[in-house]
Structures are given as structure tokens and as C-alpha cells.
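Please keep the model open while reading.

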Amino acid sequence: MAGSVCATMTLLMCVAGSQALDLLRAAATSGNHHSTPTVHCWCASYPNLTLCSWPKPPHSPPTHYIATYSERHRQLDTKQCQLIPPGSSSSALISASSSSDQLWHCHLPDLKLLTNYIINITAVYPGGSSSHLRSFMLEDIVKPDPPVDVRVSPHEFRSLLVEWSPPPTWVNQDVFPLKYQILYQWENRGSPKSVNLGPFENTIVTLKGLMPGRTYLFQVCAKELLGLGECSAWSSPAKITIPRTKL
């Protein structure tokens with residue numbers, strides 16, 4: 001096309017100490033500034049549920065996306081990623097904690113263990129395209145969904161029982177069990193205080209030595225038992241005030 005110039009930019013970024021590698025590549029007709037998808041990938045249930053997400057642009061959305069992935073050393077053998085549009089919270093693949101009216105998702109089924117993959121998310125515009133390529137190994141991106149149904153109840157004087165249920169999306173509890181951390185917070189003379197406890201392998205814990213009359217806020221996060229990946233986001237909080245008298 002006369003008067004048009006195609007510009008390409010490539011940025012390679014390696015993160016020390018991890019398997020992650022990001023390669024950003026943007027190509028567009030001169031004069032058009034297209035948003036490059038910012039892609040985040042995680043494994044919500046090792047090893048069978050891996051998702052990637054990226055926000056839809058607030059202005060000038062692309063006409064469509066192309067989402068493919070391949071093993072890093074077999075890049076000619078590409079597969080299509082299952083695209084899930086924003087607002088598809090009814091999808092069984094997406095938990096309530098990760099669904100959003102502003103996020104695109106794609107599902108990567110049947111990934112192999114201990115294998116490097118590259119995912120390519122390309123946003124296609126009338127005047128060009130922009131792509132985000134991300135390399136990852138499944139074991140590095142394990143991140144369960146938060147535990148659910150956190151319950152706190154008085155147990156003995158100055159003691160509480162904290163209970164919760166595993167994230168329902170983590171379907172291989174027997175083969176790949178989880179461990180948990182508890183965060184509890186309170187205020188002391190207007191200053192916020194917090195304690196992080198764990199890990200715990202059970203889903204019920206007794207906490208002792210709490211202050212009568214004080215209000216506490218409890219949250220729980222989940223992590224794969226052997227330490228793969230990272231802890232989940234914190235659960236919804238449970239709030240309780242410690243009784244001032246013995247039960």
C-alpha cells in the first residue's frame with residue numbers, strides 16, 4: 001500500500017531464576033498504535049487445567065484473536081487454544097475468582113509434564129497485528145484457586161477453630177494434595193497487625209492465645225504440597241470477635 005510502512009519491534013526478556021521467558025512482537029501499519037496483549041498463564045489444577053488470560057483493550061478492540069501453543073522445541077507442531085470471550089463466567093473452566101467482563105481466556109488442554117511450551121496470542125486489527133509470545137513450564141505456573149467456605153468458630157477460652165474447603169477446581173486432591181497458609185489480621189490501637197501461619201496439610205486448625213473482645217479477620221491460601229508454583233490468592237475473609245467470657 002502506497003504511503004504505508006510496516007514497523008516491527010521485538011523485545012526479549014528473561015527472568016533470572018525461573019523458566020519464564022517473554023517475547024513481545026508487534027507489527028502494525030505506520031500511524032496505527034495497537035495494544036499488545038499482556039498475557040498471564042497459570043495452572044489452576046495440576047496437571048489438567050491450564051489457562052491464560054489477557055485484558056481486552058479499552059479502546060479500538062481487535063477484530064479477532066489468534067491463540068496457538070506448541071512445545072518450545074517443536075514449534076512447527078502448533079495447536080489451537082480454546083478461546084473463551086469476556087463475560088463467559090458460565091464456562092466450567094473458569095472459576096468465579098478469575099472470571100471478568102474485561103478478560104479474555106484461553107484453555108490449554110493436555111499439556112505434558114516437565115515440558116517447555118510457547119503460547120502465542122495475536123490481536124488482529126484492520127491495520128496490522130500485535131502478538132505476545134510467552135514461554136513456560138507447567139510446574140512453574142501452578143497456582144490453585146483460593147480455598148472456599150472459610151469458617152471460624154469459638155472453641156475454648158481464647159481459642160478458635162478455623163476450617164475451610166479446598167478449591168473445587170483442584171480435582172486431583174488424592175494424587176496432588178495441597179497445603180495451606182492462614183493469614184489473620186486485627187487492629188491494635190488503630191494500627192493494623194497480621195500473622196501468617198503454616199503450612200498446614202489439614203483443613204481444620206485450632207488457634208490459641210487470642211485476645212478476648214478483639215475482632216479478627218481470617219483468610220486462607222492454597223499451594224501444591226511439594227511447593228510447585230505459588231500460593232493461591234487469599235480466600236474471602238471470615239470475621240469473628242473473640243468472646244470475653246468462657247464458653
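The points below go through the sheets, the disulfides, the core and some backbone details of this predicted model.

1. The four-stranded sheet. Four strands make up an open sheet, and their order is β3-β4-β8-β7 with antiparallel pairing. The edges are taken by β3 and β7 (82-84); each has a single partner strand, so one side of each has no neighbour in the sheet. On average, neighbouring strands of this sheet are turned by 25° against each other, direction ignored.

2. The pairing of β7 with β8. Strand β8 covers residues 103-108 and pairs with β7 in the antiparallel sense over three bridges. One place to look is I84, which stands opposite H105 in β8.

3. The three-stranded sheet. A further open sheet has three strands in the order β11-β12-β15, and its pairing is antiparallel. Its edge strands are β11 (148-154) and β15 (204-207), each of which pairs on one side only. From one strand to the next the twist averages 15°. Five bridges hold the antiparallel pair of β11 and β12 (residues 160-165). Within that pair, V148 has S165 in β12 as its bridge partner.

4. The hairpin of β13 and β14. Strand β13 (residues 178-188) runs antiparallel to strand β14 (residues 191-200), and eight bridges join them. Y184 has V195 in β14 as its bridge partner. Two residues lie between the strands of this hairpin, where R189 takes a positive phi near 55°. Is R189 buried or exposed? Its relative accessibility is 85%, and the cut-off for exposed is over 50%, so R189 counts as exposed.

5. The disulfide of C41 and C52. How many disulfides does the model contain? The count comes to three. One of them joins C41 to C52, with an S to S distance of 2.0 Å. The torsion about this S-S bond is about 105°, so the disulfide is right-handed. C41 is in strand β3 and C52 in strand β4, 11 residues apart, and the pair links distant parts of the chain. Both C41 and C52 are buried.

6. The disulfide of C81 and C106. The sulfur atoms of C81 and C106 are 2.4 Å apart and form a disulfide. This link is right-handed too, with 100° about the S-S bond. It connects distant parts of the chain: C81 is in the loop between β6 (79-80) and β7, while C106 is in strand β8, 25 residues away. C81 has 6% relative accessibility and counts as buried. C106, at 0%, counts as buried as well.

7. The disulfide of C221 and C231. Here the sulfur atoms are 2.2 Å apart. The torsion about the S-S bond is about 85°, so this disulfide is right-handed. C221 belongs to strand β16 (residues 215-224) and C231 to the loop between β16 and β17 (238-241); the two are 10 residues apart and link distant parts of the chain. C221 and C231 are both buried. With the bonded cysteines numbered in sequence order, the pairing in the chain is 1-2, 3-4, 5-6.

8. The core. Which residues touch the most other members of the largest nonpolar core? This core has 44 residues, and the answer is C106, L108, I119, I121, W164 and F218. Leaving aside residues up to four places away in sequence, C106 touches T50, L51, C52, W54, C81, Q82, L83, I119 and I121. Its disulfide partner C81 is in that list.

9. The end of β3. S45 is placed in strand β3, which covers residues 40-45. The cut-off for buried is under 20% relative accessible area, and S45 is at 1%, so S45 counts as buried. Beyond residues up to four places away in sequence, S45 touches T169, W170, V171 and N172.

10. Backbone details to check. The peptide bond from Y46 to P47 is cis, with omega near 0°. P47 sits in the loop between β3 and β4 (49-55). A cis peptide bond also runs from G198 to P199, with omega near 10°, and P199 is found in strand β14. D149 is not a glycine, yet has a positive phi of about 55°. D149 lies in strand β11 and is partly exposed, with a relative accessible area of 46%.

Technical notes:
Residues are numbered from 1 along each chain as its sequence is written. This is a predicted model: local features need pLDDT of at least 70, side-chain atom pairs count only at pLDDT 80 or more; totals for chains, interfaces and linings use all residues. Side-chain values use heavy atoms; hydrogens and water are left out. Buried means under 20% relative accessible area, exposed over 50%, partly exposed in between (1.4 Å probe, protein chains only). Contact means heavy atoms within 4.5 Å. A nonpolar core is a set of buried Ala, Val, Leu, Ile, Met, Phe, Trp, Tyr and Cys residues joined through side-chain atoms within 4.5 Å. Two strands pair if DSSP finds at least two bridges between them. Axes are lines fitted to C-alpha atoms, for helices over the stretch in contact, and angles run from 0 to 180 degrees between N-to-C directions. A disulfide is a pair of cysteine sulfur atoms within 2.5 Å.
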